[in-house]
Amino acid sequence: LLNDGVTEVVSTIDNNTANPNTDMTGWVLKSTMFIVPSVNDLPTKARDTSVAITKGYHPATNFALSSPYKGGAKYVYSEGNKNINDGFTCIRGWLLQVEKGSVTPELAGAKSDGVSNDTSAVQKVLSSDYTSVEIASSYIVSEVVADKPKLIFGGGSLSKPVESSGYAMLKITSSDVTVSNVTFLGEYANATRVSVAGSGCSCILAVGESSLNPISNVTIENCSIKGGKGLAIFAKYIQNINVTYNRIRVCGYSGATLLSCIKGSVVGNHISDIDSDSGAVNYYGISLTRDALKTHAESLRSQSIIVSNNTVENVVKWAGIDMHAPTDCIISNNTVRNCRDGIYCQYDSSTSTTNQFSENITIANNIVYGNSQATNSMYGIASIGLATLPNKNITIVGNQLFNCGRYGSVGVGALHVSNTIG
């Protein structure tokens, strides 16, 4: 009750210390304040600027839980928007008020119960004008797209328990996107091995149209990715890409692949167990490449990428770190263990008329441990060009190689250099 002895006000925040007689911050007139269980209970009629607090987006289903409601929020009524209902920012004229700077999928109706498919709700927050999305809980999704600049962070997870083909759990098509501290769980998240690889499937796919129309400034950091059918991280046609300090394991084709990416880093990642029973021929821990079937202008060589301080383990059917025609890249201080090939640098295609070679590559101060089975151990470090398309200016210095190469096999050395100039 205000000092006039008549007007009653209600606080919209806990422990409000503002004096409503002089400062109405966090206070509303009681006659314009509603507290309702869910968005379905928002009044159909109200005065402009009326305030409503929802306990949750959906009605509670289990009051035995410590927090039976999810997605509760504050709304302000706008008569002019009473016919609008997008299920998120405006519900029959009630405008969502975001006071902490970020939004969660629960505000758009996500149930995050481990059973419901929350694709629609997650997509709504990603496509909204809010620049910060908190993945705070666990959400089952089919495929969602970050099509606007966004910080996607949280500590929660996106999961895809149902096997399918040709998907990306999170597809990034916009510049200026950061994904930080989010867990991605693919179809094989509860397995120790992928059955059938899917090279067209990605847990995170960040993609521009081509080198002629790339996106820029994409960061994927401190994420955990497990059980993806194909590529854990696939970055295509990006300027300034940073893949740092992620934990990637049990994926069916590749850990981190950068195709026609210009400037960036792959640093501090731990990648292990990239393999499958079938569905792929070669497998990669980290790969720098281009599309050899496109023109040089459409698909540039990956360039100015630093690959450093990564640990890559158990890529037993191909390469720990693989390069197909990059240029001006540094591969340093990595540890590669139990892979068929340790660090491999070559051309992108032996048959394409638009093929390219590797150039100006420094491979320095890495440690490579060969495959524990001699028959599966190939090159420790290799620079292999074509006679008609040799690699150029490859520097290999200060590396340590253990149990690499294949004894008695011609042309399979621990350190192997062929068709390379400089």
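Strand β27 is the top contributor to the lining of the second largest pocket, giving three residues. This is a predicted model, where local features need pLDDT of at least 70 and side-chain atom pairs count only at pLDDT 80 or more, while totals for chains, interfaces and linings use all residues. Residue numbers start from 1 along each chain as its sequence is written, and side-chain values use heavy atoms, with hydrogens and water left out.

A few terms
- A pocket is an open set of points on a 1 Å grid over the protein atoms alone, where a 1.4 Å probe fits and protein lies on both sides within 12 Å along at least five of seven lines; lining residues have an atom within 4 Å of a point.
- Volume is the space filled by probe spheres set on the points, with grid points joined across faces, edges and corners.
- Strands are DSSP runs of E, at least two residues, numbered from the N terminus.

Second largest pocket
- This one holds about 320 Å³ of space.
- Its lining has 15 residues, with Y253, L259, T289, R290 and D291 closest to the centre.
- Two or more lining residues come from each of β20 (231–236), β23 (254–259) and β27 (284–289).

Largest pocket
- Here the space is about 400 Å³.
- Of its 16 lining residues, G72, A73, K74, Q97 and E99 lie nearest the centre.
- The elements giving two or more residues are β5 (71–77) and β7 (94–97), and β5 gives the most, with four.
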